[in-house]
Amino acid sequence: MEATGTDEVEKIKSKFMSAWHNMKYSWVLKTKTYFSRNSPVFLLGKCYHFKTEGEYRALHSFQSSSAGISTEISGNVEEFRKDFISRIWLTYREEFPQIKGSALTTDCGWGCTLRTGQMLLAQGLMLHFLGRAWVWPEALAMDSCDSESWPSSTVRKLTASFEASLTAERDPRLLARPPARRDWDGTERRNELYHRKIISWFGDSPLAAFGLHQLIEYGKKSGKMAGDWYGPAVVAHILRKAVEEARDPELQGVTVYVAQDCTVYSSDVIDRQCSLVDSGKAGTKAVIILVPVRLGGERTNTDYLEFVKGILSLEYCVGIIGGRPKQSYYFAGFQDDSLIYMDPHYCQSFVDVSIKDFPLESFHCPSPKKMSFKKMDPSCTIGFYCRTVQDFEKASEEITKMLKSSSKEKYPLFTFVKGHSRDYDFASSPLHEENDLFSEDEKKRLKRFSTEEFVLL
């Protein structure tokens with residue numbers, strides 16, 4: 001009887017917390033975000049200008065002040081909106097399958113860095129399978145608001161429709177659907193399949209390769225449990241392990257490298273790219289490079305602003321995760337001295353991605369947010385994607401120039417070093433670990449990262 005009573009108390013507590021989270025995390029998309037029409041806007045390597053609305057501007061060249069890198073200005077407000085909405089947005093969810101070893105069925109209040117880490121990895125996979133030029137055909141159907149601000153009314157209606165979809169009470173006016181398949185050419189059909197497949201890898205179920213359930217299992221190896229707060233450095237290592245352990249054949253051509261102590265060892269990266277693909281077949285893997293760094297001491301050093309802007313102006317950048325103290329965001333662009341980001345602190349209902357034609361709308365954000373660089377927490381992780389060894393060599397050269405230009409009298413945020421990490425008497429290469437997910441050196445490093453002053457809520 002006591003056990004039954006305890007179960008009832010837990011159920012009541014769960015319902016109360018669910019209602020509280022719905023109220024607390026339903027305000028993210030309510031505030032408006034304003035963009036200047038007089039300054040270019042950068043989004044993951046693409047540049048847009050809003051000065052002439054409704055008209056496709058001729059291509060121009062923008063020279064990055066930090067590295068002299070050429071980037072195209074390629075569109076107007078609608079093109080920017082379409083590009084932004086096409087990025088995969090992963091937020092708090094509730095009522096998903098219970099996390100193993102806990103009673104949790106939501107990550108509200110503690111999972112924001114895991115969610116931003118998922119977005120970082122998702123952008124890398126989108127570059128790998130879809131390319132940077134891809135945009136979701138239904139992106140502009142998400143919202144019909146004016147070009148300067150996108151409120152949450154559409155998303156809130158869509159969220160309600162997702163709940164109704166569980167009982168097959170779908171409103172076709174709210175759930176946008178792709179065009180009839182017979183009108184699609186082969187490339188469009190392929191892109192739609194990969195779009196859905198990438199999202200399904202991040203589903204909130206124990207079987208999803210990069211879902212919250214799996215990431216928490218890998219986090220346990222570094223002493224983290226469901227409900228704990230995760231820092232951006234720890235999440236970088238968890239993502240690497242998740243990709244290494246992924247069994248989907250489609251993912252065998254991708255690997256993740258995490259910089260060690262703010263150092264990228266070129267030979268270690270190339271070894272990962274040239275490792276065997278698909279059970280012994282020779283080939284080259286694409287690599288997603290994650291670099292945990294600090295943008296200053298207790299506060300963010302504004303001297304690093306130009307470098308961060310330069311990084312976000314590169315097409316092989318997959319974003320930056322970090323944010324304010326007690327919060328984590330996914331940064332994907334900038335305008336002037338403000339960073340553009342997607343916010344995971346929005347509670348949405350569980351979507352079963354194993355169902356054919358599951359609704360996609362809740363995985364795309366209609367509302368960009370802006371934050372002054374000065375308000376950003378120093379702890380963050382920067383991500384890059386390189387398809388080939390040649391791409392990596394080119395990227396390392398360009399970023400090294402940017403680092404030298406931005407560091408001046410300061411130490412650079414991180415460095416590229418030729419050779420292997422073991423050549424410098426640091427941690428041995430983790431390429432061939434078999435008995436444990438994390439080596440002893442990694443566990444020590446992760447323990448140090450886990451005590452950093454970056455507490456997430």
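I began with helix α3 (residues 112–129), whose 18 residues at 1.5 Å a residue should span 26 Å, and I found its end C-alpha atoms 25 Å apart, which agrees. The expected span here is 1.5 Å times one less than the number of residues in the helix, and helices (H or I, at least four residues) and strands (E, at least two) are DSSP runs numbered from the N terminus.

I note that this is a predicted model, in which local features need pLDDT of at least 70 and side-chain atom pairs count only at pLDDT 80 or more, whereas totals for chains, interfaces and linings use all residues. Residues are numbered from 1 along each chain as its sequence is written, and side-chain values use heavy atoms, with hydrogens and water left out.

I then looked up the burial of α3 and found it mostly covered, with 18 of its 18 residues buried; buried means under 20% relative accessible area, exposed over 50%, and partly exposed in between, with a 1.4 Å probe and protein chains only. After α3 comes Gly131, which has a positive phi near 85°.

Next I turned to Arg87, which I located in the loop between α2 (77–86) and β5 (93–94). Its relative accessibility is 2%, so Arg87 counts as buried. From C-alpha to C-alpha, Arg87 and Met119 are 8.4 Å apart in space, although 32 residues separate them in sequence. Not counting residues up to four places away in sequence, I listed the contacts of Arg87 (heavy atoms within 4.5 Å), and among them are Gln123, Met126, Trp134 and Phe363.

Asn191 belongs to helix α5 (residues 186–201), and at 13% relative accessibility Asn191 counts as buried.

For the aromatic side chains, I noted 18 aromatic pairs in the structure. Rings of Phe, Tyr and Trp (its six-membered ring) pair if their centres lie within 6.5 Å, and planes under 30 degrees apart count as stacked, over 60 as edge-to-face and the rest as tilted. The ring centres of Phe42 and Phe334 are 4.9 Å apart and their planes are at 10°, so I recorded this pair as stacked. Because Phe42 lies in strand β1 (residues 41–43) and Phe334 in strand β10 (residues 329–335), the pair ties together parts that are 292 residues apart in sequence. Phe42 and Phe334 are both buried.

I recorded Phe392 and Phe416 as tilted, because their ring centres are 6.3 Å apart and their planes at 55°. Phe392 lies in helix α10 (residues 389–407) and Phe416 in strand β15 (residues 415–417), so this pair ties together parts that are 24 residues apart in sequence. I also found a cluster in which ring pairs link Phe35, Tyr48, Phe50, Phe80 and Phe84.

I came back to Phe363, since the charged end of Arg93 sits over its ring, 4.6 Å from the centre; for this, NZ of Lys or CZ of Arg must be within 6 Å of the ring centre and within 35 degrees of the ring normal.

Last, I looked at strand β8 (residues 286–294), where 8 of the 9 residues are buried, so the strand is largely enclosed by the rest of the structure. Strands pair if DSSP finds at least two bridges between them; β8 pairs in the parallel sense with strand β6 (residues 254–258) over 5 bridges, and in the antiparallel sense with strand β14 (residues 379–386) over 8 bridges. I noted Tyr257 opposite Ile289 in β8, and Val287 opposite Cys386 in β14.
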